[in-house]
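Good morning, colleagues. Please look at the model on the screen while I go through a few of its features.

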Amino acid sequence: MIFFKKYFFLFAVFTFSIFYLFSAWVADDAYITFRTIENFHNGYGLRWNIDERVQSYTHPLWMLNLLIGKYLIDDLYYLSLTLGYIYTIATIYILFLLYHFELKIFLLSLLILFSSKAVLDFSSSGLENSLSYFLISLFFYTAIRLKDHKYYYITLSITLSCMFLNRMDLIIPVLPFAFFTFFYQAYKNREINKSIYYGVIGFMPVILWSIFSIYYYGSFFANSIIAKTNTGLPSTHLQIQGLKYLYSNILYDPFTSIFIYITTTYAIFSKKHFNKLIGLGLILYIYYLVHVGADYMYGRF
């Protein structure tokens, strides 16, 4: 039976590989990170311009993947496509581990993924999305399958730490669950000291990167974040643009948008605490997107 189930995973890999082969691309934004990595490998440090320290990228963990991967694949274009493929396949594998006892749910998950233009478009692109998919799936696997494991808190905190480093706003949808788990639930189970201890250890990569970023770049935030949050425009202008982004995504990729809104509504009204917390996180993320004016690339967020 287990051998039979593996065919479903292989089928998923084959199907995705065909989609990836015909849809892979690299966005112009990715070349901002590429230039920084090229400068590093040429001995100028992690800089956009060689004579000034500016953090031009918003995804330190993805940048580090490319930085290290360049020692194996010198061409960053092909390296980014290779990593995008590997991380998306890893995402499918985690979904398989999560639901291989319930193949109908696994197949439904595949249908949702492969029907999403946003997922297929940004599984490549040279941006951090594929790694985000992997970390999100890892978060759900940890929260659902490892909740009774003795290393639950450290595994969860490391996963959350990686999500934050991959892109700061990626952690927004899981913030309610994180606070509930590490404080309220831990206190209720008399494990508050354990949760805080492992939480701090798990977030050491974030702490270390923050120290490095402040020392090396003189700022905790990337330059692009500072620029986008200090536009001088009234907040209502950004919110209108954010709403236009949501509306345009409905036109551009209706299945993904409808699924997100249905899932959010279901989760909020669910009787399970886990679902409610995830639903609250999704609402926070949608609010955040609208508040900051979203993005110019449909489907990226």
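This is a predicted model: local features need pLDDT of at least 70, side-chain atom pairs count only at pLDDT 80 or more; totals for chains, interfaces and linings use all residues.

Residues are numbered from 1 along each chain as its sequence is written, and side-chain values use heavy atoms, with hydrogens and water left out.

I begin with helix H5, residues 103-114; helices here are DSSP runs (H or I, at least four residues), numbered from the N terminus. Which residues of H5 are buried? They are Leu103, Phe106, Ser109, Leu110, Leu113 and Phe114, where buried means under 20% relative accessible area, exposed over 50%, and partly exposed in between (1.4 Å probe, protein chains only). These residues cover an arc of only 120 degrees around the axis, which puts them on the same side of H5; the arc is that of the directions from the helix axis to the C-beta atoms.

I turn to the aromatic residues. The structure holds 31 aromatic pairs. Rings of Phe, Tyr and Trp (its six-membered ring) pair if their centres lie within 6.5 Å; planes under 30 degrees apart count as stacked, over 60 as edge-to-face and the rest as tilted. Trp62 and Tyr87 form a tilted pair, 6.5 Å centre to centre with 55 degrees between the planes. Trp62 lies in helix H3 and Tyr87 in helix H4, so the pair ties together parts that are 25 residues apart in sequence. Both Trp62 and Tyr87 are buried.

Conventions:
Helices (H or I, at least four residues) and strands (E, at least two) are DSSP runs, numbered from the N terminus. The expected span of a helix is 1.5 Å times one less than its number of residues.
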